[in-house]
Amino acid sequence: MQLPNLLSTPSFVQKIQWVADPVSYLENAAQQHPDIFTGKIVGFGETVVFVNHPQAIQEILTNDRKKFVAVGELNRLMQPFVGKSSVLMLEGDRHKRQRKLIMPPFHGERMQAYGQLICHLTEQIFIKLPLNQPFSARDLTQDISLQLILQVIFGLYEGEKFHKLKHLLLLLLDYFRSPLTSSLFLFPILQKDLGAWSPWGKFLRVREAIDELLYTEIAERRQQDNTERIDILSMLMSAKDETGQLITDQELRDQLMSLILASYETTATAMAWGLYWIHQKPLVHEKLLQEIDTLGDFPDPMSIYRLSYLSAVCNESLRIYPIIMFSFPRVVQESIELLGHSLQPGTVLLASIYLTHQREDLYPQPQEFRPERFLERQFSPYEFLPFGGGVRRCIGEALSTFQMKLVLATILSNYELALVNHQPEKPQRRGFTLAPTSGVKMIITRRRVRQESLVTAATTPIF
Ligand code: HEM
């Protein structure tokens, strides 16, 4: 099969570079072939065609399900975590059905209900931090992200169940912390249960404990039949497909694990990068603070969400180092031409989000953090695509951008922070994400006295 711009680097060298330093791998390849190239990496079959040109990405994403298929099977790296019925694993009509069932709780109106919760939780976590003591912004945003998962997805706020699930999820999600433990997912051959102390054995046991907890929770909720609850689990439990069928327990478990996996690292990393860029660029910080302050002492979360400079800062942060480097794989269904190359059925394609966001013709001086570019022009969904597109476009886009904006605005309006190191943060692979290597070390230098809180006394849980 003829493949476009096949890289000449030996396949095993490519695989090592891809796992250890994906950004350099992508940048080196794009220097030779800026629009499209074929690489040999791990995880998606023998060869993968990377597409970095907006027009070709548009062709792929608008023809999802026709000329291309977003084959869930190729996401199998995540299967041990999310299960076979996960929306991430399915394709065709089964995928469509699960997406339809999951989508409603993620729509704009529903999001609004979570606004106060997000601001309140951020304050609760920040208020415990001492002044002038270094902390890792990523650890903190991960804490915010996990607690929000427990509150928004499960409707759990405190108590034994909350702490037990939090502890177990942390153990499981920790597997994505280092390249070493992430390798367990990239190389299935390492997935051997050699007892409770072996890495895979431990993973299986923690997963079993989480499953037990989830199935018990689902069974209890089915007994209670509480229609008042608006956490995502409760809403999913009452969702029906077009034939009137409820989602099964196993499907529920798999979708919950998918939402956790898809949201935890991504949103936490996005917030950590946001904090980094804002404090790395004093002028951006100043301009942003001025904008937030125009809202007065008690703005409602939706007015924060609509702030234009804050939106531009978040977009620029997601552009320069997109959290997910590429879309889920798509597979060619019928012979097609893409950017003058003919592709045969079966060819695996990845829309390269990172390389598209680094194109000089779209984003002059792409390594420069400049939010103004999002105020000066509008980018098409194929030029700026941190959440992918087509039939697999991220389900949590609205929730995560809402969360990112509210958390950043809450922190900035209440605290003055500074970066501990002034060297630039380099992006590094962390599981499926592109994260700041040092975790963004910061200190709080001062509490701002101007405001008591960004949000009106939101002291009680809203669910
Ligand atoms: C900054 C945060 C996030 C980023 C950058 C992000 C990015 C992405 C990307 C690039 C995709 C693949 C899209 C494609 O192939 O076209 C995706 C899919 C997905 N995301 Fe997100 N995501 C984020 C947060 C979340 C959150 C908070 C949730 C849920 C609570 C979520 C749930 C999902 C799900 C379920 C899918 C799979 C959709 C499908 O297969 O149909 N994501 N995300």
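Mentor: Start at the ligand: a polar side-chain atom of Arg392 lies 2.7 Å from one of the ligand's oxygen atoms. Polar contacts are pairs of N or O atoms within 3.5 Å. Two elements, helix H5 (92–102) and helix H12 (249–280), each give two or more residues to the shell around the ligand. Helices here are DSSP runs of H or I with at least four residues, numbered from the N terminus.

Trainee: What should I know about the model itself?
Mentor: It's predicted: local features need pLDDT of at least 70, side-chain atom pairs count only at pLDDT 80 or more, and totals for chains, interfaces and linings use all residues. Residues are numbered from 1 along each chain as its sequence is written, and side-chain values use heavy atoms, with hydrogens and water left out.

Trainee: How many residues surround the ligand, and which are the closest?
Mentor: A residue counts if one of its heavy atoms lies within 4 Å. Here 27 do, with His95, Arg99, Phe328, Arg392 and Cys394 the closest. His95 has a polar side-chain atom 2.6 Å from a ligand oxygen, and for Arg99 that distance is 2.7 Å.

Trainee: Which helix gives the most to the shell?
Mentor: H12, with six residues.

Trainee: Which protein atom is the donor to the iron atom?
Mentor: Donors are N, O and S atoms within 2.8 Å of the metal (3.2 Å for Na, K and Ca); water is not among the atoms, so sites may look incomplete. The protein gives the ligand's iron a single donor, SG of Cys394, at 2.3 Å. Cys394 sits in the loop between helix H17 (373–376) and helix H18 (397–414).

Trainee: How do I read a pair of aromatic rings?
Mentor: Look at the distance of the centres and the angle of the planes. Rings of Phe, Tyr and Trp (its six-membered ring) pair with centres within 6.5 Å; planes under 30 degrees apart are stacked, over 60 edge-to-face, the rest tilted. This structure holds 19 such pairs. One of them, Phe126 with Phe135, is edge-to-face, at 6.2 Å centre to centre and 85° between the planes.

Trainee: Where do ring pairs build a cluster?
Mentor: They link Trp18, Tyr25, Phe37, Phe50 and Phe326.

Definitions and conventions. Polar contact = N/O pair within 3.5 Å; in protein donor to acceptor, adjacent residues only side chain to side chain.
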